[in-house]
Amino acid sequence: MQNETVDLGAFWMPFTANKAFKQAPRQFGSAEGMHYYTPEGRPVLDGTAGLWCVNAGHGRTTIVDAIAHQAATLDYAPTFQLGHPKVFELATRLADLFPGDINKVFFAGSGSEAVDTALKIALAYHRANGQPERTRFIGRQRGYHGVGFGGISVGGLENNRRGFTLLPGVDHLSHTHSLEHSAFTRGQPEWGAHLADELEELIALRGAETIAAVIVEPLAGSTGVLVPPVGYLKRLREISERHGVLLIFDEVITAFGRLGAATAAELFDVTPDMIVCAKALTNGAVPMGAVGVRDFVHDTIVNASEGGIEFFHGYTYSGHPLAAAAGLATLDIYADEGLFERAAGLAPLWQEQVHGLGNLPHVVDIRNLGLVAGIEMSARPGAPGARGTEVFHTCFDQGVLVRVTGDTIALSPPLTVSPDQIAQMLDCLSEAIHQTN
Ligand code: PLP
């Protein structure tokens, strides 16, 4: 369908400058492999896996077939007091994928729902464990945990919080981004593990007996790609465990190969008490979120109940049959094609090439890990975000999709990307940065 035939008025677009978009709309009509196509048929190389979700590339036939077959066989089934085979199968497959004794899976419809689910599980666990006064949460500055009231409360992005009612009793750790100490680091910065000690300080301040959980993204994506310092996550684990505080990893963007391993938890050899995931779980094809939970957390809640419903929480679309079918087909592709290993194999080339942009005008930092990169530009005086938006638009017009957060360009291509496509992506980005003033 051509742009001019579609009325753009009614759709209130999320996280979008609606007025600006509707004056100069950019749309996709189809997608296949590594490319989107505009409604007019112009290819746009996908440098962002959609929104960090299409890790296996677009239009994967086995996923499409699985969804179609499922829709024709069992379009919808509730999972309240009922079930269907595929959701149990997917939970088992995820439990196999998650590290350690993360063997239980609660499904949700999105990352935001999964985050709020994890926070509620933390509260339910402490209540069942005889410590109902453990109700406080600790998040981190510049953290993004979706847009539910729980997620924005533990999140640390001011624009997402301002003007909204927030959960009480939430503290934030400092973020780990430092141009002074870590600019242009390849991979994990050496500086910054000490920032995890703030958790110890907050626990001392508030009392361990009041704190339910700490939640962090192992690698913060939406806030502009913040790579965890060497040793930082291990230290968070050690401190949280010592004080009986649950550790939640929000792996909505890091799970399923993005960093070259099934999860960031596996990559960093840190087993949290819960892993939140979504996005690439179904290759983005059907909305789905999930929380992987360690046995003791689940068992404490379930065993504390004297019968009846143990956890008063769930969504109409928890474990939706189409999402479950898409998830199973997606996990098959990841395994059959070795995509996590592929990402790990490409990471050194990726690192080499993205750091090749380091001498461009305005560029003040480049960060990378796995198949993720953040290219941070200085803000134009008086116009923060303008440079980033301009680069995004130029790249789009030149046939490459990048993502912009403020003045940081984030890249996270499907794990199927080829070396030539990496070169094309970075050439285009380089040209766009050259063009911006
Ligand atoms: N958590 C993280 C780390 C995310 O990156 C996102 C989305 O980008 C979310 C949670 C929210 O997921 P959703 O947009 O599916 O609600």
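Which elements cover the buried residues of α12? The cover includes β4 (102-108), α5, β8 (246-250), β9 (274-277) and β10 (289-294), where helices (H or I, at least four residues) and strands (E, at least two) are DSSP runs numbered from the N terminus. This is a predicted model, in which local features need pLDDT of at least 70 and side-chain atom pairs count only at pLDDT 80 or more, while totals for chains, interfaces and linings use all residues. Residues are numbered from 1 along each chain as its sequence is written.

- The protein chain is divided into domain 1 (3-56 + 338-435) and domain 2 (64-336), with bounds that come from an automatic or database domain assignment.
- Taken over C-alpha atoms, the centres of domain 1 and domain 2 are separated by 26 Å.
- Domain 1 gives 32 residues to the contact and domain 2 gives 29 residues, where two residues are in contact if their C-beta atoms, placed from the backbone, lie within 7 Å.
- On the side of domain 1 that touches domain 2, at least two residues are supplied by each of α2 (49-52), α14 (339-354), β11 (363-369), β12 (372-377) and β15 (408-411).
- That side of domain 1 is made up of 17 nonpolar, 12 polar and three charged residues; here Ala, Val, Leu, Ile, Met, Phe, Trp, Tyr, Cys and Pro count as nonpolar, Asp, Glu, Lys and Arg as charged, and the others, Gly among them, as polar.

**Around the ligand**

- The ligand is surrounded by 14 residues, of which S110, G111, S112, G146 and V252 are the closest; a residue is near a molecule if its C-beta atom, placed from the backbone, lies within 6 Å of it.
- Helix α5 (residues 111-128) provides three residues, the largest share of this shell.
- Sorted by class, the shell holds five nonpolar, seven polar and two charged residues.

**Helix α14**

- Helix α14 bends by about 40° at A347, and the proline P348 follows within four residues; the bend at a residue is the angle between axes fitted to the seven residues ending there and the seven starting there.
- L339, F340, A343, L346, W350 and V354 are the buried residues of α14, and a residue is buried if 20 or more other C-beta atoms lie within 10 Å of its own, exposed if 12 or fewer, and partly exposed in between, with C-beta atoms placed from the backbone.
- These buried residues of α14 pack against α13 (321-336), β11, β12 and α16 (419-435).

**Helix α12**

- In helix α12 (residues 295-304), the buried residues are V297, H298 and I301.
- Because they cover an arc of only 95° around the axis, these residues lie on the same side of α12, the arc being that of the directions from the helix axis to the C-beta atoms.
- An α-helix has 3.6 residues a turn, so residues three or four places apart point the same way.
- The exposed residues F296 and N303 are carried by the face of α12 turned away from its buried side.

**Two residues with positive phi**

- Q81 is not a glycine, although its phi is positive at about 60°, and Q81 is found in the loop between α3 (61-73) and α4 (85-97).
- Q81 counts as exposed because it has 6 C-beta neighbours inside 10 Å.
- F184, also a residue other than glycine, has a positive phi near 60°, and F184 has its place in the loop between α8 (179-182) and α9 (197-206).
- F184 counts as partly exposed because it has 13 C-beta neighbours inside 10 Å.

- L236 lies in helix α10 (residues 232-242), and L236 counts as buried because it has 29 C-beta neighbours inside 10 Å.
- Not counting residues up to four places away in sequence, L236 touches A196, L199, V214, V216 and L247.
- E241 is also placed in helix α10, but E241 counts as partly exposed because it has 14 C-beta neighbours inside 10 Å.
- E241 and D273 are 32 residues apart along the chain, and their C-alpha atoms are separated by 9.3 Å.
- A220 is in the loop between β7 (211-216) and α10, and A220 counts as buried because it has 26 C-beta neighbours inside 10 Å.
- Leaving aside neighbours within four places in sequence, A220 is in contact with R142, G143, Y144 and L226.
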